[in-house]
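Me: Please take a close look at a single part of this structure, and tell me how it packs against its surroundings and what its surface carries.

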Amino acid sequence: MASQQDELKHRSTTKSQETEQYTKSAHDKDSKSNKNINRSTRKQIAKRGVKSLTIALSIPLLLTLIDISLFGSSYQYVSMEKPFWFPRLWALHLACLGSSLLMGLSAWLVWAEGGFHRQPMAIILYLTQLGLSLAWDPVVFKAGATRIGLVLCVALFGVLIGCFRAFKNVNPIAGDLVKPCFGWAVLLSLANLKLVYH
């Protein structure tokens, strides 16, 4: 009787150990497959993120480069008397490219957080800012409408404030990236004022 009980005990212990091992190996297989799925999902998300970031940076940068190459030369601006601290034309264009890059990155951060769906006004403000900055060169340098250029600068400054507030609410880093663009708007306004009162 005791030997039968020992044998039953041994069998049940063996079965429970086998069940434990089976469960453990099944769990290990599941966790390995989950890790593989997670890795591949993360890779796909990263690829999409890099692709969308490239688009978000390259489109405004390309538009700005085209704008500068078509409308960015001004004999009047280059030839006029300027104090030593006043921005040269190349510095103005470089600041414009930097601002375009920062605003593109800032807008991408807002998009990545889903901010354009939650706050549709943010995309309108971003596109308005891009349009105003692209309009300045042809209006001021090609058409010679310096007073209209000054209105564009004031409007640009106001839209940048709107972008800063809207972007900051979605992603604080995106809001911080807008801050240097205020400096560019001030630089543009100074250059425009000099052209108005030249």
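Predicted model: local features only at pLDDT ≥ 70, side-chain atom pairs only at ≥ 80, totals over all residues.

Reply: Residues are numbered from 1 along each chain as its sequence is written, and side-chain values use heavy atoms, with hydrogens and water left out.

Helix α7 covers residues 172–196, where helices are DSSP runs of H or I with at least four residues, numbered from the N terminus. Helix α3 (residues 89–112) packs with α7 at an angle of about 155 degrees, their axes being 9 Å apart; the axes are lines fitted to C-alpha atoms over the stretch in contact, and the angles run from 0 to 180 degrees between N-to-C directions. That makes α3 roughly antiparallel to α7, a term that applies to angles over 145 degrees, whereas those under 35 degrees count as roughly parallel. The two helices α3 and α7 cross in a left-handed sense, meaning that the near helix is turned anticlockwise from the far one by less than a right angle.

With helix α5 (residues 120–142), the angle to α7 is about 20 degrees and the axes are 12 Å apart, and α5 and α7 are therefore roughly parallel to each other. Their crossing, too, is left-handed.

Turning to charges, a search of the whole structure finds one salt bridge, defined as a side-chain nitrogen of Lys or Arg within 4 Å of a carboxyl oxygen of Asp or Glu. The side chains that meet in this way belong to Asp176 and Lys179, at 3.2 Å from N to O, and both residues lie in α7, three residues apart, about one turn of the helix. Side chains of opposite charge can pair when their charged atoms come close.

On the surface, a nonpolar patch is formed by Phe84, Trp85, Phe157, Ile161, Val186, Leu190, Leu193 and Tyr197, which together have about 850 Å² of accessible area. Such a patch joins nonpolar side chains (Val, Leu, Ile, Met, Phe, Trp, Tyr) within 5 Å, from residues with over 30% relative accessible area and no salt bridge, and the areas come from the Shrake-Rupley method with a 1.4 Å probe, only the protein chains shown counting as cover for residues. Helix α7 gives the largest share of this patch, three residues, and the elements that give two or more residues are α6 and α7; Phe157 lies in α6.

Definitions and conventions:
Patch = residues over 30% accessible without salt bridge, like charges linked within 9 Å, V, L, I, M, F, W, Y side chains within 5 Å. Parallel < 35°, antiparallel > 145°, perpendicular 65-115°, else oblique.
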